[in-house]
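Subject: Handing over the structure

Hi,

Here is the structure I promised to pass on. Have a look at it first, and then read my notes below.

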Amino acid sequence: MNRRTFMITTALATLGGTLLLNPSAVTNFVVTPAFAQDATDVDTSDIPDLVLGDADAPIELIEYASYTCPHCANFHSAVFEPLKKDYIDTGKVRFVYREVYFDKFGLWASMVARCGGDMRYFGIQKMLYEEQSEWLAGGKDTMEIVENLRKIGKRAGLTDENLDACLNDGDMAEKLYAKFTKEVEEYDINATPSLVIDGEKHSNMSYADLKEILDAKLAE
């Protein structure tokens, strides 16, 4: 999926409690250059990185992905699962997941995943990718998508109160957008999924191709 215009209101930080209680209020807004510039100045130091694996692993692999990207859903099914088993869980790869927001639905999915805290994040992530076509529901009915995301959150153990607080947190949404803006600029990311392996950017690939790269690095 190529980078598209990010559909979210420039008033994101001030919408607060109305952000998802009235999602139609943001349907027709786009991020303006002024908002994008301001986002680079937002303090995101309290937004943790999403990391799996040994901190001292010999290889660092960063994945840039969007919850609304079908190629990313396929990557997590066909590539990430064996990658985790063979390299992350065995201490060979430190895996960093970086969220990319092509649209408001991807942002909201991220907010639900992060609502569960570090312990639940990757479990919710797995559900979001495995059930992507179901919760997106064609991407036309905003309220249906919101309700589908809430159902996933509840299945992960979150309460209505948890979800209300997380989904209506305008400050968090602004920080997540700012973090995304800074992170995609670091390696000039313009498509998802993109992989950065020890500082070198790669496009989407099969597990066999990724395994070849990782094994060569481990043999160095």
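A word on exposure before anything else: buried means under 20% relative accessible area, exposed means over 50%, and partly exposed is in between, using a 1.4 Å probe and protein chains only. By that rule Asp-198 is partly exposed, because its relative accessible area is 39%.

Some housekeeping. This is a predicted model, so local features need pLDDT of at least 70 and side-chain atom pairs count only at pLDDT 80 or more, while totals for chains, interfaces and linings use all residues. Residues are numbered from 1 along each chain as its sequence is written, and side-chain values use heavy atoms, with hydrogens and water left out.

**The overall picture**

The protein has 11 helices and five strands. Both kinds of element are DSSP runs numbered from the N terminus: helices are H or I with at least four residues, strands are E with at least two. Of the 220 residues, 49% count as buried. Take the contacts between residues at least 6 apart in sequence: 79% of them join residues at least 24 apart. Contact here means heavy atoms within 4.5 Å.

**How the helices pack**

A few terms for this part. Axes are lines fitted to C-alpha atoms, for helices over the stretch in contact, and angles run from 0 to 180 degrees between N-to-C directions. Angles under 35 degrees count as roughly parallel, over 145 as roughly antiparallel, 65 to 115 as roughly perpendicular, and the rest as oblique. A crossing is right-handed if the near helix is turned clockwise from the far one by less than a right angle, and left-handed if anticlockwise. For residue classes, Ala, Val, Leu, Ile, Met, Phe, Trp, Tyr, Cys and Pro are nonpolar, Asp, Glu, Lys and Arg are charged, and the others, Gly among them, are polar.

Start with α5 (residues 104-115), which packs against α8 (residues 142-155) at an angle of about 20°, with the axes 10 Å apart. That makes the two helices roughly parallel, and their crossing is right-handed. On the α5 side, Lys-104, Phe-105, Trp-108, Ala-109 and Val-112 take part, and they meet Thr-142, Ile-145, Val-146, Leu-149 and Gly-153 of α8. By class, this contact has seven nonpolar, two polar and one charged residues.

Helix α5 also packs against α9 (residues 160-167), this time at about 130° and with axes 9 Å apart. The pair is therefore oblique, and the crossing of α5 and α9 is right-handed. Here Trp-108, Met-111, Val-112 and Cys-115 of α5 meet Asn-162, Leu-163, Cys-166 and Leu-167 of α9. The residues in this contact divide into seven nonpolar, one polar and no charged.

Now go back to α8 and look at α6 (residues 117-130). Their axes come within 10 Å and cross at roughly 140°, so α6 and α8 are oblique to each other. The crossing is right-handed. Ile-124, Met-127 and Leu-128 in α6 meet Leu-149, Ile-152 and Arg-155 in α8, a contact with five nonpolar, no polar and one charged residues.

**Two residues in α10**

Buried or exposed: which is Thr-181? Thr-181, in helix α10 (residues 170-186), is buried, because its relative accessible area is 6%. A polar atom of the Thr-181 side chain lies 2.9 Å from the backbone oxygen of Tyr-177.

Val-184 is also placed in α10, and it counts as buried at 4% relative accessibility. Val-184 and Val-100 are 84 residues apart in sequence, yet their C-alpha atoms are 7.7 Å apart in space.

**Backbone details in the loops**

The loop between α10 and β4 (194-197) holds Pro-193, and the peptide bond from Thr-192 to Pro-193 is cis, with omega near -10°. Asp-188 is found in that loop too. Although Asp-188 is not a glycine, it has a positive phi of about 50°. With a relative accessible area of 53%, Asp-188 is exposed.

What is the phi of Asp-198? It is positive, at about 50°, although Asp-198 is not a glycine either.

Over to you!

Definitions and conventions:
A polar contact is a pair of N or O atoms within 3.5 Å; within protein, one must be able to donate a hydrogen and the other to accept it, and residues adjacent in sequence count only if both atoms are side-chain atoms.
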